[in-house]
Amino acid sequence: MLRLRARVPSAPEVSQVRDGWNDEQLLRELREALRARQAVPPEFVETGKNAYAWHNIDAELAQLTYDSGHDGERCAAMRSETASVRMLTFASAHFSIELEVTEGSVLGQIMPPGEGTIEAQTQAGGTTVTPIDEIGCFSIEPIPSSPFRLHCRAAGRIDVVTGWITL
Amino acid sequence: MSNDVPVAALVARAAGDDQGAWNEIVGRYAPMVWSICTRYRLVGQDIEDVGQSVWLLLVEHLGKLREPAALPGWLATTTQRECFRVLRAARRYDHSGPPPDELPSSSDHALIEEEIIAAERNAALRAAFAELPPHCRRLLAMVLSDPPHSYAEISAILQIPVGSIGPQRARCLERLRRSSSLSAVHGC
């Protein structure tokens with residue numbers, strides 16, 4: 001159950017900051033504030049800053065809603081026949097992208113289907129553009145070696161971008 | 001950019017075209033997003049997934065937030081929702097477990113409330129700390145280091161008499177306490 005995952009330590013009220021705290025309490029709170037920032041890896045902050053590149057770009061975010069690669073070891077026995085295939089689903093409000101990762105390529109299909117192009121953008125800055133056929137299928141070869149995301153452009157609908165994918 | 005710019009002003013600037021304001025928002029609240037992820041026991045790539053989704057969703061919503069001043073609350077609940085999404089995506093394959101809760105429980109609500117309060121307080125404290133004169137920041141950083149420096153070490157490194165460390169520390173903390181960044185939190 002999700003609720004069991006939450007730790008709930010006590011937190012002092014904001015209103016105590018200035019008037020209610022002696023020097024030791026203030027130092028303790030300051031230590032905690034600085035520690036909270038130091039705990040965050042710089043790349044995490046960098047990713048957040050880079051997200052602004054999507055400002056004013058008319059595209060919808062499709063998020064990962066299914067990944068067969070999760071809990072891989074635990075489930076390995078259950079899918080031994082198809083061990084080399086990883087399935088992922090990305091979905092936005094009106095749109096989904098199914099991906100199937102095989103040995104040498106990423107096969108995909110957009111739903112609802114339609115012609116267009118799919119662009120794989122790697123974090124390193126490389127891009128590969130691949131056509132999407134009339135039933136919504138595409139194939140990306142070779143598999144990008146660094147984290148990448150897909151930018152889907154199809155006629156008559158808003159662009160869709162996925163979150164970063166690492167295979 | 002000044003550290004005590006109200007969050008609503010940052011949101012308005014970022015909704016225009018101001019990367020600096022956006023960076024300030026991310027810098028101020030990334031620790032809260034991170035902290036919520038770790039409280040739901042996410043690690044590694046799952047945290048990155050949540051992080052990038054939260055910021056991309058915020059980019060989409062910058063101009064549509066009904067109450068820009070309530071951004072921390074929006075970010076906290078969005079982060080929580082994204083954590084649930086990632087947990088569900090991970091569990092969908094594992095059919096043995098119970099179906100995950102769709103709705104946050106009361107302890108989830110409590111967690112978010114705490115995180116929002118802590119985030120506001122921490123951001124204000126960090127801003128107030130950044131406004132201190134360099135000698136105060138150096139002194140307090142040494143006092144706060146882990147393990148803490150002894151007064152003899154502080155005296156040797158900062159080249160101030162041992163006897164003046166206590167009074168200086170008190171003065172620096174008083175400046176911190178009186179900073180406008182902290183009073184802004186109080187004004188709410």
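Author: Two strands pair if DSSP finds at least two bridges between them. Strands (E, at least two residues) and helices (H or I, at least four) are DSSP runs, numbered from the N terminus. This is a predicted model: local features need pLDDT of at least 70, side-chain atom pairs count only at pLDDT 80 or more, and totals for chains, interfaces and linings use all residues. Residues are numbered from 1 along each chain as its sequence is written, while chains are lettered from A and ligands numbered from 1 in the order in which they are written.

Reader: OK, what joins strands E3 and E4 of chain A?

Author: Six bridges, with E3 (residues 95–101) and E4 running antiparallel. That count meets the pairing rule, so they pair. You'll find A:Val101 opposite A:Val106, and a hairpin links the two strands through four residues.

Reader: And how many bridges join E4(A) to E7(A)?

Author: Four, again antiparallel, so that's a pair too. Here A:Val106 sits opposite A:Ile140.

Reader: How do you know whether B:Arg41 is buried, exposed or partly exposed?

Author: Count the other C-beta atoms (placed from the backbone) within 10 Å of its own: 20 or more is buried, 12 or fewer exposed, in between partly exposed. B:Arg41 has 13, so it's partly exposed. Its phi is near 65°, positive although it isn't glycine.

Reader: Why is B:Gln159 put in its exposure class?

Author: B:Gln159 has 7 such atoms, so it counts as exposed. It also has a positive phi, about 55°, and lies in the loop between helices H7 (151–158) and H8 (162–178) of chain B.
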